[in-house]
Amino acid sequence: MKYWRKPLDTDRVKPPHGEVHIVIDRCKGCGFCITYCPRQVLEVSTHFNRKGYHPPTVVHPEACVNCGLCETICPDFAIWSTPVEEPEKQQKVTSEK
Amino acid sequence: MSRLGTPFLDRNEHHPLEDYLRMDRIPHIWCPTCGLGTALNCMLHAIKKSGIPRQNIAVVSGIGCSGRAAGYVNLDSFHTTHGRAIPFATGLKLANPKLKVVLFSGDGDLIAIGGNHLIHAARRNIDLTVIGINNFNYAMTGGQFGPTTPEKARMTTAPYGSFEHPFNVPFLVDSCGATYVARWTALHVRHLTNSILEALHHKGFSFIEVISPCSTVYARRNRLGDGLDLLKYYHENSEIRNGINTRKCDITFQGRLIVGKFVDKEKPTYSDTMTKSLSEALGDRYVPYQGPMQGKNGD
Ligand SMILES: Cc1ncc(C[n+]2csc(CCOP(=O)(O)OP(=O)(O)O)c2C)c(N)n1
Ligand code: SF4
Ligand code: SF4
Ligand code: SF4
Ligand SMILES: [Mg+2]
């Protein structure tokens with residue numbers, strides 16, 4: 001995380017970190033999550049989902065602060081975040097054919 | 001990389017609200033960039049946070065796009081006839097006073113055809129939590145204008161723009177006697193969730209107006225883009241004015257939007273005044289009704 005002015009307690013207090021989950025075929029491509037994520041974690045994917053919409057894709061997994069805004073603003077219950085304990089840990093990648 | 005080019009799909013994960021949704025009915029029918037799903041999402045987050053046992057909650061809707069909500073929640077719910085969500089909800093509340101009755105319905109349903117029920121429920125301060133979705137039109141039937149359509153907005157039945165003075169909904173319910181009144185937009189998800197949570201714990205008639213984008217009819221008829229463009233309009237034009245006199249909450253076409261919590265006060269509810277009055281008149285002969293649990297087995 002980048003700071004404009006480094007807080008004095010960065011060594012003790014770690015910003016929360018989240019992992020984003022997206023159910024791609026449930027998304028209707030509204031872009032609400034992409035536009036209003038405060039950390040610009042998401043971008044429109046160039047791919048189509050099964051319904052023909054462009055779902056979001058996670059471009060900055062390390063920046064997610066698990067604020068839950070994407071989860072609450074999504075009209076289709078297609079995206080949410082879960083807390084991740086160690087901020088250094090790489091995002092889980094679930095591959096799918 | 002997956003077939004869809006994004007590695008973050010995990011089909012075995014479950015959305016945190018899945019317990020509160022009838023997942024067999026998802027995806028819902030609401031259009032892309034419609035705000036109804038967002039408002040429902042906020043309502044379910046608030047219900048989950050409230051800690052109220054799910055068997056003590058009932059959700060009531062009328063008819064319309066907004067009215068579909070009752071069919072998507074995995075709680076006891078009631079999809080009633082057009083305009084009659086409040087009478088059905090009042091019946092539920094009186095028959096089972098321990099029930100938390102939450103309404104989720106549209107502006108046409110609650111404020112137009114159901115307007116008379118609305119003013120009297122507010123006047124009697126019946127203990128109900130009403131989430132009124134104002135998308136400025138009768139969306140489900142194709143975009144007719146109604147009593148909440150801003151002046152100059154074009155609708156199917158107002159091709160040159162509506163020339164009627166619309167209701168200022170917070171002022172209407174406030175002046176009728178509502179004891180909790182707030183207005184947010186579908187963009188203010190945190191404020192809206194918190195307001196619904198407060199209203200769930202408020203005793204008395206609570207009304208939360210949610211200004212919500214209707215992309216397919218309202219936005220398209222008025223060439224305003226889609227629902228995301230309307231969220232941007234809310235973002236640029238909303239002014240949070242908690243506690244402001246509701247008289248000042250008029251809505252104009254694409255004008256400034258006053259949002260916030262306007263009223264939060266205590267007043268005896270319908271049940272309180274009924275019990276008090278009948279106890280005074282009848283003394284010990286009056287036994288306040290406690291609900292269905294007081295029947296054969298409960299007493
Ligand atoms: C008694 C009756 N009159 C008219 C209708 C037709 N009707 C169905 S939905 C609707 C409008 C609903 O508007 P609103 O409550 O604002 O919901 P929205 O679709 O905008 O979310 C109307 C007039 C009906 N179903 N029943
Ligand atoms: S949880 Fe917050 S920071 Fe993380 S992706 Fe969602 S909106 Fe962005
Ligand atoms: S908010 Fe939901 S439906 Fe809209 S783009 Fe994001 S994931 Fe898709
Ligand atoms: S017609 Fe309007 S209110 Fe109805 S689902 Fe579509 S966008 Fe939403
Ligand atoms: Mg409507």
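**Exercise 1.** Determine in which cavity ligand 2 sits, and describe the residues around this ligand by class.

*Solution.* Step 1: ligand 2 sits in the second largest cavity. A cavity is a set of points, on a 1 Å grid over the protein atoms alone, where a 1.4 Å probe fits but cannot get out. A molecule sits in one if more than half of its atoms lie within 2 Å of its grid points.

Step 1: there are 13 residues around ligand 2, and A:Cys37, A:Cys64, A:Cys67, A:Gly68 and A:Cys70 come nearest. A residue counts as near if one of its heavy atoms lies within 4 Å.

Step 2: the shell divides into 9 nonpolar residues, 3 polar ones and 1 charged one. Here Ala, Val, Leu, Ile, Met, Phe, Trp, Tyr, Cys and Pro are nonpolar, Asp, Glu, Lys and Arg are charged, and the others, Gly among them, are polar.

**Conventions.** This is a predicted model, in which local features need pLDDT of at least 70 and side-chain atom pairs count only at pLDDT 80 or more, while totals for chains, interfaces and linings use all residues. Residues are numbered from 1 along each chain as its sequence is written, chains are lettered from A and ligands numbered from 1 in the order in which they are written, and side-chain values use heavy atoms, with hydrogens and water left out.

**Exercise 2.** Repeat the analysis for ligand 3: name the residues that surround it and give its cavity.

*Solution.* Step 1: the surrounding residues are A:Cys27, A:Lys28, A:Gly29, A:Cys30, A:Gly31, A:Cys33, A:Pro56, A:Cys74, A:Pro75 and A:Ile79.

Step 1: by class, this shell holds 7 nonpolar, 2 polar and 1 charged residues.

Step 2: the largest cavity is the one in which ligand 3 sits.

**Exercise 3.** Which residues coordinate the magnesium ion (ligand 5), and what spacing do its donors follow along the chain?

*Solution.* Step 1: the donors come from B:Asp107 (OD), B:Asn135 (OD1) and B:Asn137 (O), at 2.0 to 2.1 Å. Donors are N, O and S atoms within 2.8 Å of the metal (3.2 Å for Na, K and Ca); water is not among the atoms, so sites may look incomplete.

Step 1: the spacing of these donors is D-x27-N-x1-N.

Step 2: B:Asn135 and B:Asn137 are both buried.

Step 3: an unreviewed UniProt entry annotates residues 63-210 of chain B as "domain: Thiamine pyrophosphate enzyme TPP-binding". Such annotations, given in the numbering used here and with shortened names, may be inferred rather than shown by experiment. The span is 33% helix and 19% strand, and its end C-alpha atoms lie 17 Å apart.

**Exercise 4.** Is B:Thr185 buried or exposed, and how far is B:Thr185 from B:His235 in space?

*Solution.* Step 1: B:Thr185 lies in strand S5 (residues 180-185) of chain B.

Step 1: B:Thr185 is buried, because its relative accessible area is 0%.

Step 2: B:Thr185 and B:His235 are 50 residues apart in sequence and 9.1 Å apart in space, C-alpha to C-alpha.

**Exercise 5.** Describe the backbone at B:Pro27 and at B:Gln254.

*Solution.* Step 1: B:Pro27 lies in the segment before helix H1 (36-50) of chain B. The peptide bond from B:Ile26 to B:Pro27 is cis, with omega near 5 degrees. Most peptide bonds are trans.

Step 1: B:Gln254 sits in the loop between strand S7 (238-240) and strand S8 (257-264) of chain B. Its phi is positive, about 55 degrees, although B:Gln254 is not a glycine.

Step 2: B:Gln254 is partly exposed, with a relative accessible area of 28%.

Terms used. 1 Å grid on protein atoms, 1.4 Å probe; cavity = no way out; pocket = protein on both sides within 12 Å on 5 of 7 lines; lining within 4 Å. Buried < 20%, exposed > 50% of the residue type's maximum accessible area, 1.4 Å probe, protein only. Helix = DSSP H or I, 4+ residues; strand = E, 2+ residues; numbered from the N terminus.
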